[in-house]
Amino acid sequence: MALAQAPLLEIDQLEVEFRTETGPIVPVRGVSLRVDAGRTTALVGESGSGKSVTSLAIMGLLPRPFGRVLAGSIRFSRRNGEVVDLATVPPRGMRAFRGSEIAMIFQEPMTSLNPVLTIGEQIAEQVRLHLRLGREAAKSRAVDMLGLVEIPDARRRADEYPHQMSGGMRQRVMIALAMSCSPRLLIADEPTTALDVTIQAEILALIDRLRRENDMGVLFITHNLGVVAEIADVVTVMYAGEVVETAGVRDLFHHPRHPYTRALISCLPEHALRGEDGRRVVQAIPGSVAGSLDAPGCKFAPRCVHAVDACQAAHPQLDAVEPTHFVRCDRWRAL
Amino acid sequence: MFAAIVRKFAGMLVVMYIVATMVFFLTRLAPGDPASLMLGDQASLTDIEELRRTYGLDQPVIVQYILWLKEVVRGNLGQSIFLQRSVLQAIAERAEPTFFLALFSILIAAAIGIPAGIISAVWRGQRIDQVVSAGAMLAASIPSFWLGLLFIQFFSVRMGWFPVAGYGPPGGSFAERLYHLMLPASVLGIVNSALITRFTRGSMLDVLSEDYVRTARAKGLSEARIVLRHGLGNALVPIITVVGLTAALLVGGAIVTETVFGLPGIGNLVVSAVLRRDYPVIQGALIVIAGIYVLINLSIDVLYTFVDPRVKY
Ligand SMILES: Nc1ncnc2c1ncn2[C@@H]1O[C@H](COP(=O)(O)OP(=O)(O)OP(=O)(O)O)[C@@H](O)[C@H]1O
Ligand SMILES: [Mg+2]
């Protein structure tokens, strides 16, 4: 790795606003992250921390008309080498990226496929659009893709409808769909949460294999740190709409800096036994994402065991621990 | 699937039997007697008795009922008291205007209602949605006879584009007859489009917030394709249901429109039969209308299996 390549995806200080009936909310404020080609970045955080909103912002799929990117950039390097800021691409222009350069798998395999179209048609539709193949060629590509994701008897199954398949099979179909136009970036939003554990492992292995074989970047969204340890190269931790820590996966697990990350890791059964400093911390993080997120200080402070008065006063910035390790905590040196 | 359709059909036969029975007794509950109506005020009691005997009206009602039912089961709806022909023949002669009126009306209602509902769902909450919803509200609250009179006044009397009423001169061409149906069909179509609009809007709104529509967006498809193929494709079952039910209601509603526009259809036949207590015609026509109802319902069920692969019998 002599030359530092331009990252495949680089999000910088992203802010997303939703105008709701009760006034505007900012579910994502200050998200920066990076995904490299052929690598997996895991985006972790508890429910409601803004992971899905971040991924929808990348796809340009924020609910219209009330969701929009307020600030920040989403730089994506295209197949042709051009780097574009997706935050500034108009809605129509985003269609050229979706499904072709950036593909997405969703959390809910049971409901993410159209019940009245065969799965073959659903894949072929995207292939025809982006690869400009004819009907027959698209159909046979769809069958190939189903084979690629290890669906047995792909030719026959292509003519089946989603309701004829199990959840695990449907998630494979979603992956086949996502992979069908050889995207450079795959966003997987909790793709295994709805599946049982053995199927989960198979799906993870499948995504990992496809990443390797296609030199594809993966943004893997999850709240399961066990999964992160298995597949991620880089981990970005979110809390209440902000990135609180980013590091390489080993670095993060062995030297977590942010109290929230530490608390998360200590919740893992394997890590609870011997924490970083030999102490056993908490089994579940007490409290929940604070209600008054507009308070000036650190958002995690109300739940943080290390918080001091100063934490409530000033909002911490992302600070570099090492060139590849960032933390949003003013006290990280002291901890 | 075939067995299930047969089962459904059997169930509907039971419904038809109940309808027929109710119609039989209700018509007889109403005061008035065909024999005295036919013979007029001057007729002697013996003449009336004579005529009543001819049509079996002197028998106890329950006996009349059993005799009538026996014939109906054999497909014989009996003889009209006033029209000198069988009930079936009388209905067949009047079927054409009613059939085409209902057909054109439902086509117009669907052609207005489905696109309007889609548009208002896609642009929900915006100006166009408000305009469509207000229009639907208006259409739903206008009585069809009033809109009919308004249309006649404007399009026929003032503009002279359409005939005022009737079904053309006897022996007129088919095209000419259909031309006479355009105005009444538009009236019925507009009035009935309201329900279809609201239903389409509602089911499209449901469907457009489904996860698979988000998937379709994530595929980079055009908005038109997302809305029509992935949205409408899934909203079709409820839409077909409401269009079918509207069609069934239209057959019943034809009575009013045919009267306003002076069309010699089944509605007209029933109205004059009621006025003259022509029991066999009333009973026969209502059985036929109930039969059409049943047929429409069965066709809806069959259509479901085409638009939704999950529907299995
Ligand atoms: N359509 C929406 N309208 C209003 N608020 C929304 C909408 N979608 C998300 N939010 C809000 O944005 C915040 C972040 O939600 P998001 O879905 O990104 O969380 P997440 O990290 O993906 O959580 P999970 O792990 O449960 O999927 C939440 O507080 C949520 O209430
Ligand atoms: Mg989510």
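Arg132(A) is exposed, with a relative accessible area of 71%, where exposed stands for over 50%, buried for under 20% and partly exposed for values in between, computed with a 1.4 Å probe on protein chains only. Arg132(A) lies in the loop between α3 (119-131) and α4 (135-148) of chain A; helices (H or I, at least four residues) and strands (E, at least two) are DSSP runs numbered from the N terminus. Although Arg132(A) is not a glycine, its phi is positive, at about 50°. Most residues other than glycine have a negative phi. A positive phi, of about 55°, is also found at Asp215(A), which is not a glycine either. Asp215(A) belongs to the loop between α7 (197-214) and β8 of chain A.

The model is predicted, so that local features need pLDDT of at least 70 and side-chain atom pairs count only at pLDDT 80 or more, while totals for chains, interfaces and linings use all residues. Residues are numbered from 1 along each chain as its sequence is written, chains are lettered from A and ligands numbered from 1 in the order in which they are written, and side-chain values use heavy atoms, with hydrogens and water left out.

In chain A, His223(A) occupies the loop between β8 (217-222) and α8 (225-231). With a relative accessible area of 41%, His223(A) is partly exposed. Apart from neighbours within four places in sequence, His223(A) is in contact with Val44(A), Gly45(A), Lys51(A), Glu190(A) and Thr193(A), contact being defined as heavy atoms within 4.5 Å.

Chain B contains 12 helices and 0 strands. Its C-alpha atoms fill a box of roughly 85 × 55 × 35 Å along the principal axes. Of its 313 residues, 44% count as buried. Among the contacts in chain B between residues at least 6 apart in sequence, 74% join residues at least 24 apart. The chain exposes about 15,600 Å², of which carbon and sulfur atoms supply 69%; accessible areas come from the Shrake-Rupley method with a 1.4 Å probe, and for residues only the protein chains shown count as cover.

Leu188(B) is located in helix α8 of chain B. Because its relative accessibility is 5%, Leu188(B) counts as buried. Leaving aside neighbours within four places in sequence, its contacts are Leu101(B), Ser105(B), Ser144(B), Leu250(B) and Thr257(B). The C-alpha atom of Leu188(B) is 9.0 Å from that of Leu147(B), a residue 41 places away along the chain.

The size of an interface is often given as the accessible area lost when the parts come together. Chain A and chain B bury about 2,100 Å² between them, 55% of it on carbon and sulfur atoms; buried area is the accessible area (1.4 Å probe) that two parts lose on being put together, summed over both. In chain A, Pro115(A), Val116(A) and Glu125(A) lose the most area to chain B, together 26% of what that side buries. The contact involves 26 residues from chain A and 20 residues from chain B.

Grid points are joined across faces, edges and corners, and a volume is the space filled by probe spheres set on the points.

The largest pocket holds about 1,100 Å³ of space. Its lining consists of 31 residues, of which Arg64(A), Val122(B), Arg124(B), Arg217(B) and Glu223(B) lie nearest its centre. The largest share of this lining, 4 residues, comes from α9(B). By class, the lining of the largest pocket has 17 nonpolar, 4 polar and 10 charged residues, where Ala, Val, Leu, Ile, Met, Phe, Trp, Tyr, Cys and Pro are nonpolar, Asp, Glu, Lys and Arg are charged, and the others, Gly among them, are polar.

There are 4 cavities of 30 Å³ or more. The largest cavity contains about 110 Å³ of space, and its lining comprises 11 nonpolar, 2 polar and 2 charged residues. The second largest cavity contains about 50 Å³. Its lining draws at least two residues from each of β6 (102-105) and α6 (167-179) of chain A and α9 (211-218) of chain B.

Terms used
On a 1 Å grid over the protein atoms alone, a cavity is a set of points where a 1.4 Å probe fits but cannot get out, and a pocket is an open set with protein on both sides within 12 Å along at least five of seven lines; lining residues have an atom within 4 Å of a point.
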